Amino acid sequence: MSAQSAPELAPVRPLLAEAVVIARRALADLGEVQVGAHLGVTAEDECSATHRFEATLPGYHGWQWAVVLAALPDSDRVTVSESALLPGPDALVAPEWLPWDQRIRAGDLTPGDLLAPRADDPRLVPGYVATGDPVVDDLAREVGLGRKKVMSLEGRLDAAQRWHDGDHGPDSEMAKAAPSICARCGFYLPLAGSLGAAFGVCGNEMSADGQVVDAEYGCGAHSDVELPGGGGTPRFDAYDDGAVEVVTLPPTVRPEPVEAEPAPQEQAGPEDHADTASAEQAPAQPTEVDVTDVDVTVAAETAEAPADAPADADGSDAASTE
Ligand code: SF4
């Protein structure tokens, strides 16, 4: 059965090509109601052909119903062989299947997982084969021991390239801003073997602790870093708040003092005393002017009081005196 809607290359027997209704009815008999337009027919061989219909199922954009019809060479009777839903050339389909060992990616390994190397893994060679690392080979020869498998030269070169290009390589942002390189750091623990020429393990818990670092990598926790004098970070100057900073302020406009008008003498009374009291409590210069005027008024009233008192006592004497 062909899943493609490519141009029909082989001629289709007219008997099979004209059996569109039979093919559509076969789908209906199966309960498939979401069948769209007829897309074409393709010859499978001399006795069979595949009719394709548009599938209008939700989520199956570009898929096609395929119905294979068959007819014997000398027969005028068409029979239905099979039907299926197949992806067309524009169908949305899943990615091509990959074996598990090709789907595994770095970082997929979790606690408890077992990940065996491939049988033909180029990163590994039998332990008795020279690894290309003179230190390892010399030691293995001397001791006469070896592991069952060791890392091949290809495997070690791959690892070295990854480490060099990784987060702890010389091109990382941290390394570019570092005061010095790992190769000169007291926390740098060089690897054994030929890789030790370019890589080591950082032993500083404040930095890349326990991770392989390139000898040209570096960080701000380098053992040669010295604290700057005083507080603050070495990146910024400390702010000296003991220095005097002279600031020029704009001139201040002071309000003109307002002189209060003296109160008329004949209207002096209890209200005036109240005003006097409030004036004494008022702040600044205008208050002094008011207090002086009021004191004068009060003194005048006090001087007239003895003359008025007897007059008020006998009534008409005051009028006769005038
Ligand atoms: S502390 Fe920094 S400079 Fe020193 S080895 Fe570790 S990463 Fe390198």
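Predicted model: local features only at pLDDT ≥ 70, side-chain atom pairs only at ≥ 80, totals over all residues.
Residues are numbered from 1 along each chain as its sequence is written. Local features need pLDDT of at least 70 and side-chain atom pairs count only at pLDDT 80 or more, whereas totals for chains, interfaces and linings use all residues.

Among contacts in the protein between residues at least 6 apart in sequence, 54% join residues at least 24 apart; a contact requires the C-beta atoms of two residues, placed from the backbone, to lie within 7 Å.

Four strands form an open, antiparallel sheet in the order 1-2-3-4, where pairing requires at least two DSSP bridges between two strands. Strand 1 (35-45) and strand 4 (79-87) are the edge strands, and each pairs on one side only. From one strand to the next, the twist averages 20 degrees (axes are lines fitted to C-alpha atoms, for helices over the stretch in contact, and angles run from 0 to 180 degrees between N-to-C directions). Helix 2 (residues 20-29) packs on this sheet and touches strand 1, strand 2, strand 3 and strand 4; the direction of helix 2 makes about 115 degrees with that of strand 3.

Within this sheet, strand 2 (residues 48-55) and strand 3 (residues 63-70) are joined in the antiparallel sense by 7 bridges. Arg 52 has Ala 66 of strand 3 as its bridge partner, and Phe 53 lies opposite Trp 65 in strand 3. Strand 3 also pairs with strand 4, again antiparallel, over 8 bridges; here Val 68 stands opposite Glu 82 of strand 4. Strand 3 is mostly covered, with 7 of its 8 residues buried.

A second open sheet is formed by 3 strands in the order 7-8-9, with antiparallel pairing. Strand 7 and strand 9 each have a single partner strand and stand at the edges, so one side of each is left without a neighbour in the sheet. The twist in this sheet averages 45 degrees from one strand to the next. Strand 7 (residues 188-190) pairs with strand 8 (residues 199-202) over 3 bridges, and Tyr 188 is placed opposite Cys 202 in strand 8. Strand 8 and strand 9 (residues 212-214) are likewise joined by 3 bridges. In strand 9, Val 212 is the bridge partner of Val 201, while Asp 214 stands opposite Phe 199.

The ligand is surrounded by 14 residues, of which Cys 182, Cys 185, Cys 202, Asn 204 and Cys 219 are the closest; a residue is near a molecule or strand if its C-beta atom, placed from the backbone, lies within 6 Å of it. The shell divides into 10 nonpolar, 4 polar and no charged residues. In this classification Ala, Val, Leu, Ile, Met, Phe, Trp, Tyr, Cys and Pro are nonpolar, Asp, Glu, Lys and Arg are charged, and the others, Gly among them, are polar. Cys 202, one of the closest residues to the ligand, is also the residue of strand 8 that stands opposite Tyr 188.

Definitions and conventions: Helix = DSSP H or I, 4+ residues; strand = E, 2+ residues; numbered from the N terminus. Buried ≥ 20, exposed ≤ 12 C-beta atoms within 10 Å, placed from the backbone.
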